[in-house]
Structures are given as structure tokens and as C-alpha cells.
Amino acid sequence: MKKVLTSFLLCLLAHVSMIAGTLKGKITDSKGEALPFATVFVQGTTIGSSANAEGMYQLSLQPGTYTVSCQYIGFHQASFPIIIADNEVIVHDFKLQEQQLQMKEHIVKASEDPARYIMRKVIGRRKFHLNQVKAFQTDIYLKAVLKTRQTPAKVLGQKVDDGEMGLDTNGKGILYLLEEVATYYAQDNKERTVIHSVRESGDPAGVGTSQFPDVISFYQNNVQISNRINPRGFISPLNDFAFNFYSFKLEGDFKEGGYTIYK
């Protein structure tokens, strides 16, 4: 009975994957330059993906009607409606426009930068937002590249052979390359990272980094980046006493999804 049920489920999953449609394309700025690792997601769902280093993205979607959005830091979010059918392949390129900051009138105390007025409101809601992020899940795509522009003749007294390190005759090249896909879970004070795939310096059997990157919340009074750097952590810019340690300046604001975003 178990074998029959397993076979049925496998066939069902195969059938579902066969009828899915594909949305793909390229993400660029207004000048046509690729925006690497931009985010593409389906509004109202948990379906999403990141573009690769060349700005290319791809999503697998079940037949239906969707609104797909694309976002990248420093650019306006772009969205478009899509109706996709069985096995259909739709190509849509996103061209994002840079965010133009606006400065409007703010009623504040004399000689006070409006940033202080805004930050007082943000800090006042610190605990509210901290409770919101105590439990969440996110997918992580990590790419780490260590390059050298010039290699010294010796390192720690040992002669360096550029050829053995895969560098060119000028001592330039990639010393280390890591790509990793993982899922991060947080529940109260418990954290868990599940590694799905790792490719390290061309080695598909690379071990990766199970504890990096840390997911950091600025809604904590102290930001814990690394015990090796500072065990006590660093004072968050949203700390209850942040004005004793930080200076804030409002550079402008822009509209996004019906909200005003202050920078």
C-alpha cells in the first residue's frame, strides 16, 4: 500500500510541475545596466526569487492570474499583471527607475533637522516592530567573493606563487568563491539555518557557512554582529537613547506602494 501511495504522489507532483508556466526575463536600470540579485515576487503570496549576477530571473507559476513585482534598493518598485497558462513561457524585462528624493515641508522645532522628528516616531515604535519580527522565515542566497588586485612577493614570510593560487601574471584573480542557498527560521530567541546547496571555489561538495550571515534586527537596543568583534554588541540607531550617540539628517523621501519612505 505504501509503495502504491508513494508512486501516486510522485506521479501527481510530476504532473503538477509539468503544467506550471514559466516567467523569465532581465532586470536593468534606465540605462540598460543589469541589476544583480534584484528581487522578483508575486504579490499576496510567498512566491519569489532573486536575479543572478547578470540580472536574469525566472519564476515557475501555476496557471492563473498574478501581479508580479520587482524591487531593488535605490530604485522604484515596478509591477505588472500576468495571465499564464499551462506550460506557457512568458518573457518580461523589468526596467527600474532610480528613486528621486523629494524634500517637502515638515513642521518641527526651530533649528531642528526634520530627521530628529521622524526618528523620534520610529524609535517610539521600536518595541512594536521588535515583536513583529520575533517569528519569521526567509530564504537566503549568499555569494562571497574574495579578490586580489595585487599579490605581495611574500605573505607571513612565505613566498607566494601566483600560479598555484590561480592568479594571472599581475597577481590579480579570485582567491575564494562561495555560493550558498539556505533557509533561515526564527522563533522567539531560537534560530535555525538550513543549508540547501553549496558550491565553494568550483567544488560542489563545499561545506559552506552554516552560521553566516547573521540576521540582524535594528529594533534591538543593541545590535549583535559578531561575538569576535564585540561581545556586548553595538548601539542600534533605534536605541531608546540613540540621540546621545547618533546624528540624523533627512536627505529626502519618496512614495512606494502608497507609503512615504524617508531616507
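View 1. Strand 5 (residues 64-71) and strand 6 run antiparallel and are joined by 7 bridges. Strands are DSSP runs of E, at least two residues long, numbered from the N terminus, and two of them pair if DSSP finds at least two bridges between them. This is a predicted model, in which local features need pLDDT of at least 70, side-chain atom pairs count only at pLDDT 80 or more, and totals for chains, interfaces and linings use all residues. Residues are numbered from 1 along each chain as its sequence is written, and side-chain values use heavy atoms, with hydrogens and water left out.

**View 2. Phenylalanine 80 meets phenylalanine 94.** Ring centres 5.7 Å apart and planes at 70° make this pair edge-to-face (centres within 6.5 Å for a pair; planes under 30 degrees apart are stacked, over 60 edge-to-face, the rest tilted). Phenylalanine 80 sits in strand 6 (residues 78-84) and phenylalanine 94 in strand 8 (residues 94-96), 14 residues apart. Both are buried, that is, under 20% relative accessible area with a 1.4 Å probe, protein chains only.

**View 3. Strand 4 and its neighbour.** Strand 4 (residues 56-61) runs antiparallel to strand 1 (residues 21-29), with 6 bridges joining them. Lysine 26 stands opposite methionine 56.

How values were computed
Rings of Phe, Tyr and Trp (its six-membered ring) pair if their centres lie within 6.5 Å; planes under 30 degrees apart count as stacked, over 60 as edge-to-face and the rest as tilted. Helices (H or I, at least four residues) and strands (E, at least two) are DSSP runs, numbered from the N terminus. Buried means under 20% relative accessible area, exposed over 50%, partly exposed in between (1.4 Å probe, protein chains only).
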